[in-house]
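Here are my notes for anyone opening this one for the first time. Keep the viewer open and go through the points in order.

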Amino acid sequence: MDNHCVGCHGPKKAKGSIRLDHLDSRISQGLDFETWNEIYDQLAQREMPPEDAKHQPDEAQRASIISWLGKELEKARSSPRGRHLLGQFSFGNQVDHDALFSGEIKELPFSPPRLWRMNPNIYDRTKKRIFKDHWMELRKARQPFSLEQRPGINDYSEGLFADSATLETLLLNARGIVEHQLNRDIPLIFRTILESDGPPTPEQAEAAVRFQFKTLVLRPPSAKELARYRDYFLQSIKESGGDVRAGLEVCLKAIALNPEAVYRMELGLGLRDDHGRTILSDNELAFAIAFSLTDDPPDQTLWSAARSGNLGNPEQIQAQLERILRNPKIAKPKLLRFFREFFGYHRAPRVFKDAKRFKNYDWGIVANQLVHEADLLVLHTLKQDRDVLRQLITTEKYFVGHIGLEADPKNLEQRLIALRRLYDYWKEKPWKKLEYELEAKVRTEIERLHPYFEVQPMKHRMSGGLIKDYMPYLTICYENGLRPMLAQFILMEGERERNLTSAHDQRFFLSAYNLSVDQFDCPIEQPFELNKEQRVGLLTHPSWLIAHSKNTDTNPITRGKWIRERLLAGHVPDVPITVDAVVPEDPHKTLRERFRATRQQECWRCHKKMNPLGMTFEAYDDFGRFRTIDKASGKPIDSRGLLDSTGVASLDGKVQNAVELMKRLGQSDRVRQSFIRHAFRYWMGRNEMLSDSATLIAADEAYVKSGGSFQAMLVSLLSSDSFIFRKGRAKQ
Amino acid sequence: MNSQSTSRRAFLKHFSFGSGGALLSPLLGQLAAAADGITGAFPQRFVFLVKSSGLTPKAITPELLRGKKATGSAPLRVSLKGITLPDSLRALESFKDQLAIVQGFSGKMCLAGHTSYFGAMGVHASPSETSSGRPLRATIDTRLSSQHSSPFGHVGLALRGRAVGGAGDPIPQGTLYPGLSALAPGRELPYQASPDQAFDQLFGSAIGSKKGRKRYDLETGMLDFLSDDIKQLRKKVPSAEQDKLNHYLLAFEDLQERRKKLLTMSKAIRDGAPKLTEKFSSQLGIDRLASHFELAASCLITGLSNGVTIRMDNLEHVYTGLGLTEQNVHAIGHGTGSNGKSAEECRDVIRSYHISLMASLAEKLRSIPEGNGTMLDNTMIVYLSDAGEAHHGALHEWPFLIVGGCGGRLTLPGNYLRMPDYGQSGHGTIGNLYTSFLNAYGDPIDHFGDPDFSLEREGLPQRGPISSLIA
């Protein structure tokens with residue numbers, strides 16, 4: 001390195017702001033891991049030393065340093081520091097893609113035994129089961145398990161801890177929960193205990209412990225736990241001078257803080273096989289299965305299977321998984337959440353937009369509706385369950401202004417009729433002068449127009465303000481002979497959040513799709529073809545484009561990075577600390593032209609992986625609107641791009657625009673496999689290791705053989721060895 | 001735990017004072033400081049009082065100074081000596097030399113409208129009126145008070161919670177989250193709405209009903225019981241994963257540490273705690289607010305906390321206790337009068353009431369000697385609104401009232417200050433104001449809060465403290 005590297009990357013010169021003379025040589029302990037890794041990549045890909053360097057190492061030298069460095073990095077990967085780094089989602093793609101899917105790795109897959117901190121969504125459901133409709137108490141019980149909100153998948157078992165902040169919130173919540181249980185919504189066993197004279201019998205005490213365990217630890221207590229907590233309960237009564245309520249209170253609180261209410265156990269407490277692996281115990285499997293698809297504890301059927309030992313092999317596990325997947329009554333929020341975290345379109349409302357730019361009071365409402373429509377697209381595609389990934393990337397059909405997947409067409413027709421009658425009632429009346437409160441007489445007349453207006457929430461919310469919001473949009477629609485968007489109208493409970501009631505909102509919202517409010521005839525049958533030359537799939541959906549933009553500009557780098565990392569399983573290093581990553585302002589240049597700065601040698605190294613992909617999306621502005629002219633400079637948009645260094649020769653090549661890029665990506669095996677790697681990470685809660693190769697290959701085959709069924713792929717993943725076996729790490 | 005509090009604890013253990021309990025804390029502080037060789041260095045105290053519906057700039061400006069603006073790029077600064085305070089600030093007359101009226105800082109990086117949520121004290125935008133979003137950083141109140149550790153850290157007390165609730169919401173009980181203060185990014189400060197529960201939580205270790213004491217002791221035992229549970233579980237878990245349980249165990253041990261610390265302060269607590277009257281469990285707003293102020297005073301005097309934020313009201317609140325029975329704060333903010341008074345007059349009534357509470361707190365602190373002066377010398381009480389300068393604040397200016405000596409760190413006490421207008425050279429944002437506070441109190445931060453991008457684009461960058469505010 002002194003001979004070939006430090007000359008340009010040392011004390012005298014530090015090209016690309018990289019210094020190699022300062023590196024820690026304790027590579028195998030994971031020190032300076034990122035940089036050593038980068039060096040390895042550069043050497044292996046022959047990027048360094050550069051072609052025009054004076055002294056090139058000869059082949060033997062190069063091979064030897066690559067081999068040595070490779071071995072050191074292998075050791076680094078299993079060092080604590082290395083494991084921590086590699087355990088992070090952003091490092092997932094470091095595992096060699098081709099190796100993973102080569103079929104040459106014969107090791108039997110497993111996961112390391114672990115404690116996995118409670119998922120906040122599961123806690124929310126637990127809270128809801130306790131507080132039910134007492135929404136004030138529900139709101140006060142805050143979320144103790146905070147998850148980072150970084151892009152990508154955040155619920156990894158590695159690196160999630162319960163600490164002081166968690167405990168303080170848990171304690172506050174525990175007090176509230178127990179107060180509710182003992183004063184407001186009192187379960188029978190607690191009531192019995194509180195109403196008897198004197199202390200409870202041991203059986204009663206045990207019943208109380210059992211109840212609370214099931215409520216908060218989501219499983220029955222073991223015999224040992226039962227005895228311990230029962231004795232604790234009875235002892236506390238004695239210590240408080242015979243105060244049964246006080247004793248009960250403290251015991252119930254303790255159960256709420258039990259470490260197993262905080263960490264899921266996935267230690268592999270079942271039988272050992274001949275390869276040093278242990279299978280998850282029946283209990284552990286029941287939880288693992290339940291929490292993989294739902295936010296609820298195992299249901300009766302699952303518990304029965306566990307208790308009767310009918311959960312021990314992949315076929316039995318698959319049966320349970322398929323049962324849950326097929327049952328529409330079982331809520332499976334984990335599925336939609338995966339797609340949200342993978343695509344990231346749900347982050348759109350977080351991107352701050354200056355209200356001045358679109359005369360809107362509450363940007364969140366428009367953004368939320370856009371996200372909702374992306375959700376609908378995902379859910380619809382999942383329901384069809386055919387060619388899922390390609391559909392999501394290349395579909396020409398979208399949902400706009402639609403009320404939801406469960407909507408019955410007859411129902412929709414009725415709503416349209418109701419709206420028309422509302423419009424006809426008001427059109428000749430001075431609705432612009434309405435006060436907030438409607439007169440009782442007027443209310444009655446409206447209720448008579450159509451049964452929908454008698455429905456409670458509608459009745460409650462009908463106001464002058466609402467009419468003043470509805471009428472401008474309805475006028476535009478009916479005067480132009482258009483069907484209005486039904487999503488915009490509060491007709492039933494629970495739809496309020498997504499509604500764009502003001503005309504400003506609707507105009508703006510539609511413009512995100514390049515639709516015009518006085519021309520858009522909202523189809524009843526959705527999804528419908530929007531404009532196949534301009535938009536295909538989720539990556540040209542306004543919500544995705546907005547989520548991957550800045551406040552006032554597009555962000556081709558983020559967009560390009562997304563494709564490189566999520567669809568091509570590539571890796572882009574972080575911005576070097578010394579770089580001030582700011583795009584120069586210039587009113588006469590397009591953003592693409594202003595990005596010329598990244599073409600400098602030290603920048604292009606990384607930017608070549610992102611820019612040529614992201615620039616294709618320049619055809620869409622930071623609100624997701626398709627455009628051919630750049631507003632700021634007046635110049636035409638150049639949306640040509642390049643797929644390059646994907647690792648697949650047939651995938652590489654120029655593209656004219658984003659639509660072409662999407663179609664090319666939609667057909668690619670590598671893209672499909674990258675998608676499956678990400679699904680693996682989400683459902684396993686960790687990055688893949690080389691030893692997971694068989695699992696990934698099987699999941700890929702399941703997907704392909706079933707014609708692109710996401711469910712089939714998922715069932716394969718969740719009954720794989722990686723999912724059900726545990727094997728300890730080698731001791732250091 | 002810094003050396004000051006260790007010696008404080010040592011003194012508490014070995015000294016016994018008679019009935020001069022109220023003198024306990026500051027006297028000990030002085031003794032402790034002397035023992036440590038530091039003179040005049042007392043832990044600084046911070047109280048933030050946050051009202052809803054805006055704080056009207058005109059109403060807190062003395063008649064003589066109405067309409068007066070800054071000239072050039074320097075702020076307008078006028079001593080309050082000899083100047084008549086506006087009507088609603090009359091209760092602060094005797095505190096004039098330690099009163100600062102601070103006007104003209106903008107906060108346009110925050111959410112304008114009914115409330116800025118974490119913006120008012122955290123200087124960043126929130127998603128929308130109905131969503132406080134995630135706090136991006138520790139807010140100024142907790143950040144200032146966290147400089148010196150105290151058993152309870154920063155305390156939040158609230159009459160009402162989030163600015164916008166449901167019309168006709170009953171008075172809240174128990175813990176709530178108004179979306180105003182944060183301890184760290186993503187970590188909101190919980191507030192206590194029930195004065196009696198707050199009393200139990202804060203003073204229950206040493207005082208209060210027998211039942212409260214019993215509950216407290218039982219909870220201490222529970223923490224030990226659970227620590228044992230965790231240790232047992234830890235044995236079964238592979239070493240690579242034990243860290244996770246260790247974190248959880250440490251959390252219990254920290255909590256126990258804090259509770260033990262409280263035990264050593266029991267005499268100070270007993271002497272400094274407020275008297276638990278029926279007001280503490282009253283459902284009447286003015287009783288609860290008065291109780292919160294008493295709790296705040298006692299927290300500071302006993303040293304249980306160095307920082308308190310009080311959420312004074314919200315838009316749903318109806319000040320029946322002040323004779324304003326017909327309209328809530330929201331309606332008044334929109335210009336509807338109540339009980340024969342115009343909207344402006346109603347706002348005056350509410351503001352005067354708040355100021356009188358502020359004055360009585362200041363009075364309590366002023367009555368306790370500390371060093372060569374009083375506790376008030378080393379306290380900063382800030383009064384502001386989470387909606388800025390109006391019911392629907394536009395946030396081009398954001399009024400503040402500050403009472404207290406501020407430990408001599410700021411040049412503000414005793415002055416009226418108005419910054420140059422928004423968009424003029426020399427203008428500052430609340431980010432600059434808070435940065436000045438932090439720097440004045442020894443936290444040399446570059447800049448606190450998000451910048452105002454519009455100002456930056458117009459070539460008016462605002463970073464850093466304003467040196468003329470710092471002593």
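1. Let's begin with B:E93, which is partly exposed at 38% relative accessibility. Its salt-bridge partner is B:K96, with 3.2 Å between the closest N and O atoms. B:K96 itself counts as buried, because its relative accessible area is 15% and the cut-off for buried is under 20%. Bear in mind as you look that this is a predicted model.

2. Salt bridges can also link up through shared partners. A:R114, A:R264, A:E266 and A:R726 are joined into one network that way. If you search the whole structure, over all chains, you get 63 salt bridges.

3. Which parts of chain A does the pair of A:D296 and A:R129 tie together? A:D296 sits in the loop between α13 (282-293) and α14 (300-307) of chain A, while A:R129 belongs to helix α5 (residues 120-131) of chain A, so the link is between parts 167 residues apart in sequence. The two side chains meet in a salt bridge at 2.9 Å, N to O.

4. Another salt bridge to click on is the one between A:K589 and A:D586, where the closest N and O atoms are 3.5 Å apart. Here A:K589 is partly exposed, with a relative accessible area of 37%, and A:D586 is partly exposed too, at 22%.

5. Now for A:N611, in helix α28 (residues 611-614) of chain A. Is A:N611 buried or exposed? It's buried, with a relative accessible area of 5%. The side chain of A:N611 makes a polar contact of 3.0 Å with that of A:T598. Setting aside neighbours within four places in sequence, A:N611 is in contact with A:I557, A:F595, A:T598 and A:W604.

6. On to where the chains meet. The contact draws 51 residues from chain A and 45 residues from chain B. Interface size is often quoted as the accessible area lost when the parts come together. For chain B and chain A the buried area is about 4,100 Å², and carbon and sulfur atoms give 62% of that.

7. What holds charged and polar groups across this interface? The rule finds eight salt bridges between chain B and chain A. One to look up is A:R228 with B:D229, whose side chains meet at 2.7 Å, N to O.

8. Which elements of chain B give two or more residues to the side that touches chain A? They are β7 (187-188), α6 (210-236) and α7 (239-264) of chain B. By residue type, that side of chain B divides into 20 nonpolar, 16 charged and nine polar.

9. Last, the domain layout of chain A. The assignment gives domain 1 (15-86), domain 2 (114-263), domain 3 (345-525) and domain 4 (538-665). Taken over C-alpha atoms, the centres of domain 1 and domain 2 of chain A are separated by 50 Å.

Technical notes. Residues are numbered from 1 along each chain as its sequence is written. Chains are lettered from A and ligands numbered from 1 in the order in which they are written. This is a predicted model: local features need pLDDT of at least 70, side-chain atom pairs count only at pLDDT 80 or more; totals for chains, interfaces and linings use all residues. Side-chain values use heavy atoms; hydrogens and water are left out. Contact means heavy atoms within 4.5 Å. Buried area is the accessible area (1.4 Å probe) that two parts lose on being put together, summed over both. A salt bridge is a side-chain nitrogen of Lys or Arg within 4 Å of a carboxyl oxygen of Asp or Glu. Helices (H or I, at least four residues) and strands (E, at least two) are DSSP runs, numbered from the N terminus. Ala, Val, Leu, Ile, Met, Phe, Trp, Tyr, Cys and Pro count as nonpolar, Asp, Glu, Lys and Arg as charged, and the others, Gly among them, as polar. Domain bounds come from an automatic or database domain assignment. Buried means under 20% relative accessible area, exposed over 50%, partly exposed in between (1.4 Å probe, protein chains only). A polar contact is a pair of N or O atoms within 3.5 Å; within protein, one must be able to donate a hydrogen and the other to accept it, and residues adjacent in sequence count only if both atoms are side-chain atoms.
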